[in-house]
Amino acid sequence: MAKPLKVDEVWLARITELLDDMEFGSLHIVVHEGQIVQMERTERKRFENSTANTRGSGETGSRRTDTRIGG
């Protein structure tokens, strides 16, 4: 039988911090024996081409940022 998940105020603060400024992305929470042991954040940044920059290098794409917190 699975153990109930233990989430205290410290983990809630960590989760909130990782989600706070995220616009596009995901937060992967790893649980082992009823306790959070790791979080992985994948963030996507989206850039749109401006009409004033059609001749330049016009950056488009995404940036990936992983933040891992273990406890």
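Which residue takes a positive phi in the hairpin of β1 and β2? The legends below begin with that view.

**View 1. The hairpin of β1 and β2.** E33 takes a positive phi near 50° in this hairpin, which has 2 residues between the strands. Welcome to a predicted model, in which local features need pLDDT of at least 70 and side-chain atom pairs count only at pLDDT 80 or more, while totals for chains, interfaces and linings use all residues. Residues are numbered from 1 along each chain as its sequence is written, and side-chain values use heavy atoms, with hydrogens and water left out. Strand β1 (residues 25-32) and β2 run antiparallel, joined by 8 bridges; two strands pair if DSSP finds at least two bridges between them. Look across from V30 and you will find Q38 in β2 standing opposite.

**View 2. The whole protein.** Stepping back, the protein contains 1 helix and 3 strands, and its elements run α-β-β-β from the N terminus on. Helices (H or I, at least four residues) and strands (E, at least two) are DSSP runs, numbered from the N terminus. Of the 71 residues, 14% are buried; buried means under 20% relative accessible area, exposed over 50%, and partly exposed in between (1.4 Å probe, protein chains only). The accessible surface comes to about 5900 Å², with 47% of it belonging to carbon and sulfur atoms. Accessible areas come from the Shrake-Rupley method with a 1.4 Å probe, and for residues only the protein chains shown count as cover.

**View 3. The largest nonpolar core.** Five side chains to pick out here are W11, I15, L18, I36 and M39, which make up the largest nonpolar core, 5 residues in all. α1 and β2 (35-43) each supply at least two of its residues, and α1 gives the most, with 3 residues. Such a core is a set of buried Ala, Val, Leu, Ile, Met, Phe, Trp, Tyr and Cys residues joined through side-chain atoms within 4.5 Å. M39, in strand β2, counts as buried because its relative accessible area is 0%. The C-alpha atoms of M39 and I15 are separated by 8.3 Å, although these residues are 24 apart along the chain.

View 4. V7 lies in the segment before α1 (9-20) and is partly exposed, at 36% relative accessibility. V31, in strand β1, is also partly exposed, at 43%. Leaving aside neighbours within four places in sequence, V31 is in contact with L5 and I36, contact meaning heavy atoms within 4.5 Å.

**View 5. A network of salt bridges.** D21, R41, E43 and K45 are linked in this network. A salt bridge is a side-chain nitrogen of Lys or Arg within 4 Å of a carboxyl oxygen of Asp or Glu. D21 pairs with R41, their closest N and O atoms being 3.2 Å apart. This pair links distant parts of the chain, with D21 in the loop between α1 and β1 and R41 in strand β2, 20 residues apart. R41 also forms a salt bridge with E43 at 2.8 Å, and E43 meets K45 at 3.1 Å, N to O. D21 is exposed at 54% relative accessibility, whereas R41 is buried at 8%.
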